[in-house]
Amino acid sequence: MADAPNKGTSSSPYVNFPPVQLTFAILGSKLFSAGVDYVAKKASTNASRLIPSTCRRLSWEDLPEGPLHICRASTYYGTHDGCDTFHRYHKAGDECWESTLANIFNRSWSEFEVLSERPKGLMLTEYLETDLKTLMSYIACGVDTFSMHVFSSSAWYTPPKYEARNLDKDNRSFQLRAKDIQIDFKRMPKVAEQEKGHLVAHVTGSFHHYIDGRYDFSDTDAQALKPISLSKADMQCILEGYPPYYRSEYILRGTSTFLPGTTQITLQNPIPTFSDRTRGGWVIAVGRTYVTPVAFYVDEEGHHPGGRFPAHIGASMTRVRDVLEKDIAPEFPKGDPWYDDVCAAVAAVNHLLWEKSASDLYRFWPKEGGHHGSIDSLDEGASNAVIALFNRFGPLTAAEKSLVKDYTLAILEVAIRGASTVTEYLKDRAVWLPKWWMDQLGHEPIFLRGCKDE
């Protein structure tokens, strides 16, 4: 016979609470939930008080027109304001961008403060809102082009096409390096109604440039035009695909080789419109000024060092050769005192176009017994006239014939110097920045994060 169940027990798997105990349990649960909600709301309120609902913004549209950087150093050579060697390092901290971007874009940083609403999902730390144009301008101003070398894998790294195009995926990351500057990008997980997560970046490394410095060439002491002196408008043009040497105005100041009474030479814009970037005038400006290029160029397709030129630059180099060979050379028939020099100049530029190197240019120019140093005979008017000469094509006008006859050797020399300078830049220094990359990320806000002191 089965044993009777013990008194006060139940065969049910559930515990039977007396009514009084059950009432207290329910009340306790509600009180606990209310307590948790209260603590969470207080924590959220306190967090919002500690971290404001806005963050500072330093984007391309916020940068004022005019120079991107204002030099505040002492007078250089006692003649005009300038800077000594400009070398700054990233300083770790919650707002480490103050040691990087704020130094380059010091004019905007000190004179204008723009606040932006802090986006959802980025509420727990400080950020600086910026964009790709501003970051690439930072690289353009902060990298010493002549210390770049395309054969050094550590000098520059651009993400492969498939990596950047997949950047819309959560947690996708890539890195951009330019000499000592490094930018790490990461796509954050999307929240709520976002189509894609916010793009966060961190800038580290150092930047190093000479500002308003000079080169000490044997044949000229013309002031070198540095990327750090670029205006916003000129940088905008370079980011849209103008040559890396571009300036809307080239200024040479107070050199000892100027003609008596001349203290400054201003070269006007050699690329008045976007279509003019394939003409030869800007190559002449390079030869006349020793302007320093930025470390990259923007184009649909890149080049191979020692191989073909980028399309628009190659077209400009070809235009220089064609003007020499088809427009100028016919003005100096065989027997003319300048005939051999003109032939040597044409051969020299053809050699640059074919070999993509100026290493053995001496075999072609100057011709045996020739001389250097005539470029400085070009005053402001003549310099601008020569730039215009290589921006057009076809039979010379009477004024252009007179120009060519009066400044024959100077024109030949400035054309070869410009063409050889561009050739060497493309062979050893130039880095391709894909236009598709700029198009994809160029209009998206990027949030710079800081780092902790170590």
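## Valine 286 in helix H7

Valine 286 is a residue of helix H7, and in this predicted model its relative accessible area is 1%. Because buried means under 20% relative accessible area, valine 286 counts as buried.

Leaving aside residues up to four places away in sequence, valine 286 touches Tyr245, Val291, Gly418, Thr421 and Val422.

## Packing of H7 against H10

Helix H7, which spans residues 281-289, packs with helix H10, residues 380-389, at an angle of about 145°, and the axes of the two helices are 7 Å apart. The crossing in which H7 passes H10 is right-handed. On the H7 side the contact is made by Gly281, Ile284, Ala285 and Arg288, and on the H10 side by Ser383, Val386 and Ile387. Sorted by class, the residues of this contact are four nonpolar, two polar and one charged.

An α-helix has 3.6 residues a turn, so residues three or four places apart point the same way. The H7 contact residues include Gly281, Ile284 and Arg288, and those of H10 include Ser383 and Val386.

## The enclosed helix H4

Helix H4, residues 132-142, is largely enclosed by the rest of the structure, because eleven of its eleven residues are buried. Among the buried residues of H4 are Lys133, Thr134, Ser137 and Tyr138, together with Leu132, Leu135, Met136 and Ile139; Ala140, Cys141 and Gly142 of H4 are buried as well.

## Leucine 433 in strand S14

Leucine 433 is found in strand S14, which covers residues 431-434, and with a relative accessibility of 0% leucine 433 is buried. When residues up to four places away in sequence are not counted, leucine 433 touches Met136, Phe296, Tyr297, Val298, Asp299 and Met438.

Leucine 433 and glycine 302 are 131 residues apart along the chain, and their C-alpha atoms are separated by 7.8 Å.

## The protein as a whole

The secondary structure of the protein consists of 13 helices and 15 strands, and buried residues make up 50% of its 454 residues. Among contacts in the protein with a separation of 6 or more, 73% are between residues 24 or more positions apart. The protein exposes about 22400 Å², of which carbon and sulfur atoms supply 54%.

Methods. Residues are numbered from 1 along each chain as its sequence is written. This is a predicted model: local features need pLDDT of at least 70, side-chain atom pairs count only at pLDDT 80 or more; totals for chains, interfaces and linings use all residues. Side-chain values use heavy atoms; hydrogens and water are left out. Axes are lines fitted to C-alpha atoms, for helices over the stretch in contact, and angles run from 0 to 180 degrees between N-to-C directions. Helices (H or I, at least four residues) and strands (E, at least two) are DSSP runs, numbered from the N terminus. A crossing is left-handed if the near helix is turned anticlockwise from the far one by less than a right angle, and right-handed if clockwise. Contact means heavy atoms within 4.5 Å. Ala, Val, Leu, Ile, Met, Phe, Trp, Tyr, Cys and Pro count as nonpolar, Asp, Glu, Lys and Arg as charged, and the others, Gly among them, as polar. Buried means under 20% relative accessible area, exposed over 50%, partly exposed in between (1.4 Å probe, protein chains only). Accessible areas come from the Shrake-Rupley method with a 1.4 Å probe; for residues, only the protein chains shown count as cover.
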